[in-house]
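Please take a moment with the sequence and the model shown below, and keep both in view while reading.

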Amino acid sequence: MTFKPSTTQAILESAEQTIVGRSSKPAELKFLDGGSSVASVRIAVNNGRDQDAHWFDIEAWGDLAEQLANQVSEKGMLLKASGRIKESSWRKTDGSDVTSLKMTAQHFEVLGKKELPF
């Protein structure tokens, strides 16, 4: 079965998804003017050695944001996140098309730290 792009986006946004990937850097925590907190981290999800990684921007709000910022403290941490994914597309000034995947996390779990090669 083949879906139109708009149908695929509607499916992604309506159902909770779970992804597992490695952080590209420590999570960043920000406090908004109203006192709310938001944390963000970018993770790479690999589909095998011979394929490119898919990048997801993960954000969490409130208490979950503070937990994410405290627990994802370094590059390479293995993270499992569940939430709703939103896809955004735009055209850059050079004419190339860009697509971004952003998850608003409802749950996350740190599965491990990056193992050192020695």
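Ser37 is placed in strand E3, where strands (E, at least two residues) and helices (H or I, at least four) are DSSP runs numbered from the N terminus. The model is a predicted one, in which local features need pLDDT of at least 70 and side-chain atom pairs count only at pLDDT 80 or more, while totals for chains, interfaces and linings use all residues. Residues are numbered from 1 along each chain as its sequence is written, and side-chain values use heavy atoms, with hydrogens and water left out.

Is Ser37 buried or exposed? Ser37 counts as buried because its relative accessible area is 3%, the term buried standing for under 20%, exposed for over 50% and partly exposed for what lies in between, with a 1.4 Å probe and protein chains only. Not counting residues up to four places away in sequence, Ser37 touches Leu29, Lys30, Phe31, Ala60, Trp61, Gly62, Ala65 and Glu66, a contact being heavy atoms within 4.5 Å. With Glu66 there is also a polar contact of 3.3 Å between the side chains; a polar contact is a pair of N or O atoms within 3.5 Å, of which, within protein, one must be able to donate a hydrogen and the other to accept it, and residues adjacent in sequence count only if both atoms are side-chain atoms.

One of the residues that Ser37 touches, Trp61, is found in strand E4. Trp61 is partly exposed, because its relative accessible area is 41%. Apart from residues up to four places away in sequence, Trp61 touches Leu32, Ser37, Val38 and Thr104. The C-alpha atoms of Trp61 and Gln106 are 8.7 Å apart in space, although 45 residues separate the two in sequence.

Strand E4, which covers residues 54–61, is also the place of Glu59. Glu59 has 15% relative accessibility and therefore counts as buried. When its neighbours within four places in sequence are left aside, Glu59 is in contact with Val38, Ala39, Ser40, Lys102, Met103, Thr104 and Ala105. The side chains of Glu59 and Lys102 are joined by a polar contact of 3.2 Å.

Which residues line the largest pocket? Its lining consists of Glu28, Lys30, Val38, Ala39, Ser40, Asp57, Ile58, Glu59 and Lys102, and these divide into 3 nonpolar, 1 polar and 5 charged residues. At least two residues of the lining come from each of strand E2 (28–31), strand E3 (37–45) and E4. The pocket holds about 160 Å³ of space. A pocket here is an open set of points, on a 1 Å grid over the protein atoms alone, where a 1.4 Å probe fits, with protein on both sides within 12 Å along at least five of seven lines, and lining residues have an atom within 4 Å of a point.

Ala53 lies in the loop between E3 and E4 and is partly exposed because its relative accessible area is 27%. Beyond its neighbours within four places in sequence, Ala53 is in contact with Ala44, Val45 and Asn46, and its C-alpha atom is separated by 9.3 Å from that of Gly21, 32 residues away along the chain. Leu78 belongs to strand E5 (residues 78–91) and, with a relative accessible area of 23%, is partly exposed. Its contacts, leaving aside neighbours within four places in sequence, are Val20, Gly21, Arg22, Glu109, Val110, Leu111 and Gly112. Gln67, in helix H2 (residues 63–71), counts as partly exposed because its relative accessibility is 38%, and between the C-alpha atoms of Gln67 and Ala39, 28 residues apart in sequence, there are 8.9 Å.

The view can now widen to the whole chain. Its secondary structure comes to 2 helices and 6 strands, and from the N terminus on the elements run α-β-β-β-β-α-β-β. Of the 118 residues in the chain, buried residues make up 27%. Among contacts between residues at least 6 apart in sequence, 58% join residues at least 24 apart.

Key
Points joined across faces, edges and corners; volume = space filled by probe spheres on them. Nonpolar A, V, L, I, M, F, W, Y, C, P; charged D, E, K, R; others polar.
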